[in-house]
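Open your viewer, keep the selection panel handy, and let's walk through this model stop by stop.

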Amino acid sequence: MTKSSEKRKQIWNPQNRGCFLIFVFLLALCIYAVGCYPAYAALKTRTIYQLYHELENMKLSDLDDDDIDTLNEFQKEKFEVMVTDEDFQKIYISRNAVSRDYIDRFIKNRQEEYTENAKVMQRNLELRHVLILKGKIIDGGHTFYVYIKKDVQSGIDIIKGTTIYFLLIVMLDIFLYYVLSQKGKWETEKQSKQSDYQLLESQREFVANISHELKTPLAVVSSQVEMLEIAGDKIDRTYYYSSIHEELDKMSKMIGELLDFSMLDNQMSAMEMSRVNVSEMVEYLLLRYDAMFRKNEIKIEQNVEKKCFVYGNRMYLERAANNYLMNAFQHTKQGKCIRVTLKKVKKQIRLEVYNDGELIKEDQIERIWDSFYTTSQKKTPVTSENNVRNAGLGLFVVRKIVTKHKGTCGVSNQENGVLFWIQIPELTE
């Protein structure tokens, strides 16, 4: 599973949906805050043009009661309206308009600004915004001047006037949330099916590989038993018995790994979690294998930071670290070095196990985490007392354990060797 798909899965986890819904709502508010004024201004501009169109259809030289009622209806919009004749005598003035001096100031002294092709202009003053239309209507050979102004400084008016716009934004965000949540569910289901398929394939591959591995010791045992029956006392029976015992021991270990493979998920699903001191755990493992490393002339460098705590299961975390150490041991030649580092990195506990040796081929980087996958670089343990299990489940088990602890693991080729790492969320004291 890719990192991006893991993040999407975390986003659509039930406990995160509430946070995401809040985010969607805040996003709607931000979009509304940015777009409410343009939407309100556009709405009022349309209303101003509608009013001007009504004036064009009226007989301005002789307004009747119906005309006055129609014009008064627009006062709900709190427009400032002035209509004068060519002598600048008032034809209609809204209750928001003012005196004769006002008419002279905005119409008579600026009559050149009035045109038949009237357009609404927007002016941004220091403390407010206004919409202004200056039009000239020719009716029956007479000229009439029309001045319409709308002050849009009132926040309450803007909110009232853009309610539908706000609802549209909210509905769009809800729709977006629904689509993304469904997509998240579809991806989660798809990933779950892929994971089930990959697990099934992994199980089939494991059974096929272990069946292949069992054929060799079974063939050896069969041939040696047959030789004991045929040759009787003419051969070294002690050698043959010892060889048979060794091959049976190999098969026993393989079967043990097979049982581990089948029981791993069930065991970890019921594991008990508690505070684990990873620093003490790593120091214990290094002390435990110190004699084995010395015997095989492998140098150990360690840099273990104190008081590194996580919330987890000590037994399984120890097993994961142990598998890394044994994997490093199996790929490190005599005289070479293994370097173990434990440190805190951005509220994560990071364990690194580096070993000198051959690099991993790029096409094998992902496959090494598969069950029962081995590479030609792996060497056989020096003695059976090392208790190194070689059935190819080590890294597969590491990934399983780390995932159960909500952590990540990986590997990278270095200049002269290979670095394996684990990161698990830190448990603060």
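Is Phe88 buried or exposed? Select Phe88: it counts as buried because its relative accessibility is 8%, where buried means under 20% relative accessible area, exposed over 50%, and partly exposed in between (1.4 Å probe, protein chains only). A word on what you are viewing: this is a predicted model, in which local features need pLDDT of at least 70 and side-chain atom pairs count only at pLDDT 80 or more, while totals for chains, interfaces and linings use all residues. Residues are numbered from 1 along each chain as its sequence is written, and side-chain values use heavy atoms, with hydrogens and water left out.

Phe88 sits in the loop between β1 (80-84) and β2 (90-93); helices (H or I, at least four residues) and strands (E, at least two) are DSSP runs, numbered from the N terminus. Leaving aside neighbours within four places in sequence, show the residues in contact with Phe88 (heavy atoms within 4.5 Å): Arg100, Ile103, Ile107, Lys108, Gln111 and Tyr145.

Next, select Val282, Tyr324, Trp369, Phe420 and Ile422, which touch the most other members of the largest nonpolar core, a set of 45 residues. Such a core consists of buried Ala, Val, Leu, Ile, Met, Phe, Trp, Tyr and Cys residues joined through side-chain atoms within 4.5 Å. Colour α10 (314-330), which gives the most to this core, with 9 residues. Then centre on Trp369: beyond its neighbours within four places in sequence, its contacts include Tyr324, Leu395, Cys409 and Phe420.

Now for the cavities. The structure holds 2 of 30 Å³ or more; a cavity is a set of points on a 1 Å grid over the protein atoms alone where a 1.4 Å probe fits but cannot get out, and lining residues have an atom within 4 Å of a point. Grid points are joined across faces, edges and corners, and a volume is the space filled by probe spheres set on the points.

Which residues lie nearest the centre of the largest cavity? Select Val278, Leu317, Leu351, Ile422 and Ile424, from a lining of 13 residues around about 120 Å³ of space.

Finally, show Val282, Leu285, Ala321, Tyr324, Leu325, Val340, Leu351 and Val353, which line the second largest cavity, with about 40 Å³ of space. Here α10 gives the largest share of the lining, 3 residues.

Notes: On a 1 Å grid over the protein atoms alone, a cavity is a set of points where a 1.4 Å probe fits but cannot get out, and a pocket is an open set with protein on both sides within 12 Å along at least five of seven lines; lining residues have an atom within 4 Å of a point.
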